[in-house]
Amino acid sequence: MIYWQVFGWTFFLVSLWLCRSPLGWQKMRTEKDYQHLVFASGIILFCLWALKAGISEGLDIHFLGMTVLTLCHGPRIAIWISVIPLTLMVGFGLLPFADVGLYAFTTAVLPAVVSYAIFLLSYRYLSHHLFIYIFIAGFLNAAFTIVFHLCTVSTGYWVSGLHGWDTILDNYLTLALLIWFPEGLLNGMAVTLLAVYRPHWLRTFYDREYLSPDR
């Protein structure tokens, strides 16, 4: 298990280094409203990650929320924001410090990258329509991302020998059939509300393209 922990910490720290954003830090220092948005995003993410449920001990699932976070801030800032809930989870004893790297890699880094990749594909190959943005980049994106997350974690459990495949399949992986729709709905509703009431909070939402009169 120690090897997986070292693997997780290594990739998480490398991801933070690669995702450093001078413009993002400058915006944080100069715009108080953006500071509030960043910290509020971190607290909401902590609430989503702290509410866990599962059939078997050690095989818990929770909402991710990384899709809407990525659409709001971009993948680099979203990964850095994940440091806030991770710190709180360690502080409240919900996550062992040694597992932070691996947990962050599977719960924050990979979902952020997958979510942004799906958004880019939808932006490039589909019509720039508000419904496409909400349904594809928001709802279906989040649904696919959490299924990908569960498959990745399941593979890690199986390869590391923490749980047998039958246990993983019956008590963890099958929950993907239940969680994909709520995750998609949660992110889709959040994206819808933001696009209507706070479009300037969505970094990936472009008014001139998605809300042009000819659409």
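The structure is a predicted model, and every value reported here is computed from it.

The positive patch is formed by Arg 20, Lys 27, Arg 76 and Arg 203. Of these residues, Arg 76 is found in helix α5, which covers residues 75-81, and its relative accessible area of 38% places Arg 76 in the partly exposed class. Because membership of a patch requires over 30% relative accessible area, the value of 38% for Arg 76 is in keeping with its place in the positive group.

The nonpolar patch on the surface consists of Trp 158, Val 159, Trp 165 and Leu 169, which together have about 390 Å² of accessible area. The elements that contribute two or more residues to this nonpolar patch are α8 and α9, the latter spanning residues 165-171. Trp 158, for its part, lies in helix α8.

Helix α8, which comprises residues 130-160, also holds Val 147. With a relative accessible area of 27%, Val 147 is partly exposed, since that class lies between the limits of 20% and 50%. When residues up to four places away in sequence are not counted, Val 147 touches Ala 176 and Trp 180. Between Val 147 and Ser 115, which are 32 residues apart along the chain, the separation of the C-alpha atoms is 12 Å.

Contacts of Thr 106, with residues up to four places away in sequence left out, are made with Pro 111, His 149 and Val 153. The C-alpha atoms of Thr 106 and Ile 43 are separated by 19 Å, the two residues being 63 positions apart along the chain.

Two loop residues were also examined. Leu 51 is placed in the loop between α3 (32-50) and α4 (66-73), and at 64% relative accessibility this residue counts as exposed, as the class begins over 50%. Along the chain, Leu 51 and Cys 151 are 100 residues apart, and their C-alpha atoms are separated by 20 Å.

The other loop residue, Gly 93, lies between α6 (83-91) and α7. Gly 93 likewise counts as exposed, with a relative accessibility of 61%. For Gly 93 and Tyr 197, which are 104 residues apart along the chain, the C-alpha atoms are separated by 36 Å.

Key:
Residues are numbered from 1 along each chain as its sequence is written. This is a predicted model: local features need pLDDT of at least 70, side-chain atom pairs count only at pLDDT 80 or more; totals for chains, interfaces and linings use all residues. Side-chain values use heavy atoms; hydrogens and water are left out. Patches are made of residues with over 30% relative accessible area and no salt bridge: like charges are joined within 9 Å, nonpolar side chains (Val, Leu, Ile, Met, Phe, Trp, Tyr) within 5 Å. Accessible areas come from the Shrake-Rupley method with a 1.4 Å probe; for residues, only the protein chains shown count as cover. A salt bridge is a side-chain nitrogen of Lys or Arg within 4 Å of a carboxyl oxygen of Asp or Glu. Lys and Arg count as positive and Asp and Glu as negative; His and the chain ends are not counted. The place of a charge is taken as NZ of Lys, CZ of Arg, CG of Asp or CD of Glu. Helices (H or I, at least four residues) and strands (E, at least two) are DSSP runs, numbered from the N terminus. Buried means under 20% relative accessible area, exposed over 50%, partly exposed in between (1.4 Å probe, protein chains only). Contact means heavy atoms within 4.5 Å.
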